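Have the structure open while you read, and look up each residue as it comes along.

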Amino acid sequence: LIERCEESKLHMLLGRLMANILKLGKDKHGNYVMQCILEQGRKEDKKQIIQVVRDAMVEFAQDKVASNVVEKCFEVSTVGPHAEYLREERESLYKIVLGDPASPSTAPLEQLMHDRFGNYIMQCVIKYSRGPDLEALEQRITASEAAL
């Protein structure tokens with residue numbers, strides 16, 4: 001529907017969808033709508049979804065269906081057509097996952113590595129890591145290796 005809807009109708013539809021990102025992201029059908037918007041939507045809508053996911057990162061990453069939305073956020077903010085526009089959101093996603101460097105044991109990274117769905121998020125984070133993010137991630141995972 002989103003891919004084929006007229007522009008005038010799409011604007012109203014997207015407004016209603018964007019007002020319910022948290023609910024739709026965790027829904028067994030709604031998560032596909034969020035992923036579709038992340039793949040083919042307007043860059044402003046992608047940014048808004050990423051911001052909501054960032055603010056509920058652990059909750060989304062540990063949920064069976066919402067974790068798919070998290071993965072798509074990392075993907076589109078790294079390699080999608082709007083990746084440059086979404087650079088700041090991508091950086092904020094990594095900061096959330098890595099947590100406070102002064103307290104690595106309380107970082108979401110630690111929780112996600114040991115969670116059945118969060119583990120897939122960590123694989124995705126590794127896949128899309130670049131430059132300083134990749135280096136920081138490698139250091140943190142290496143430091144946690146004994147606990148794995």
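**Notes on the cysteines, the core and the rings**

1. Let's begin with the cysteines. Searching the whole structure turns up 0 disulfides. Cys124 shows how this comes about: its nearest cysteine sulfur belongs to Cys73 and is 9.3 Å away, while a disulfide needs the two sulfurs within 2.5 Å. Keep in mind that this is a predicted model.

2. Is Cys124 buried or exposed? It counts as buried, because its relative accessibility is 7% and the cut-off for buried is under 20%. Cys36 passes the same test at 15%, so it is buried too.

3. In soluble globular proteins, nonpolar side chains tend to gather together in buried places. Here the largest nonpolar core has 37 residues, and the members touching the most others are Met34, Ile49, Cys73, Phe74 and Met122. Helix α6 (residues 66-79) supplies the largest share of this core, with 6 residues.

4. Which residues does Phe74 contact, leaving aside neighbours within four places in sequence? They are Met57, Leu93, Tyr94, Val97, Cys124, Val125 and Tyr128.

5. Some of those names come back in helix α9 (residues 118-128), where the buried residues are Gly118, Ile121, Met122, Cys124, Val125 and Tyr128. Why do they lie on the same side of α9? Because they cover an arc of only 160° around the axis. The elements covering these buried residues include α5 (57-61), α6, α7 (87-98), α8 (108-113) and α10 (131-143).

6. On to the aromatic rings. A pair of them is described by how far apart the centres are and by the angle of the planes. How many aromatic pairs are there? The count is 1. The rings belong to Phe74 and Tyr94: their centres are 5.2 Å apart and their planes are at 85°, so the pair is edge-to-face, given that angles over 60 degrees count that way.

7. That pair also links distant parts of the chain, with Phe74 in helix α6 and Tyr94 in helix α7, 20 residues apart.

Terms used. Residues are numbered from 1 along each chain as its sequence is written. This is a predicted model: local features need pLDDT of at least 70, side-chain atom pairs count only at pLDDT 80 or more; totals for chains, interfaces and linings use all residues. Side-chain values use heavy atoms; hydrogens and water are left out. A nonpolar core is a set of buried Ala, Val, Leu, Ile, Met, Phe, Trp, Tyr and Cys residues joined through side-chain atoms within 4.5 Å. Buried means under 20% relative accessible area, exposed over 50%, partly exposed in between (1.4 Å probe, protein chains only). Helices (H or I, at least four residues) and strands (E, at least two) are DSSP runs, numbered from the N terminus. Contact means heavy atoms within 4.5 Å. The arc is that of the directions from the helix axis to the C-beta atoms. Rings of Phe, Tyr and Trp (its six-membered ring) pair if their centres lie within 6.5 Å; planes under 30 degrees apart count as stacked, over 60 as edge-to-face and the rest as tilted.
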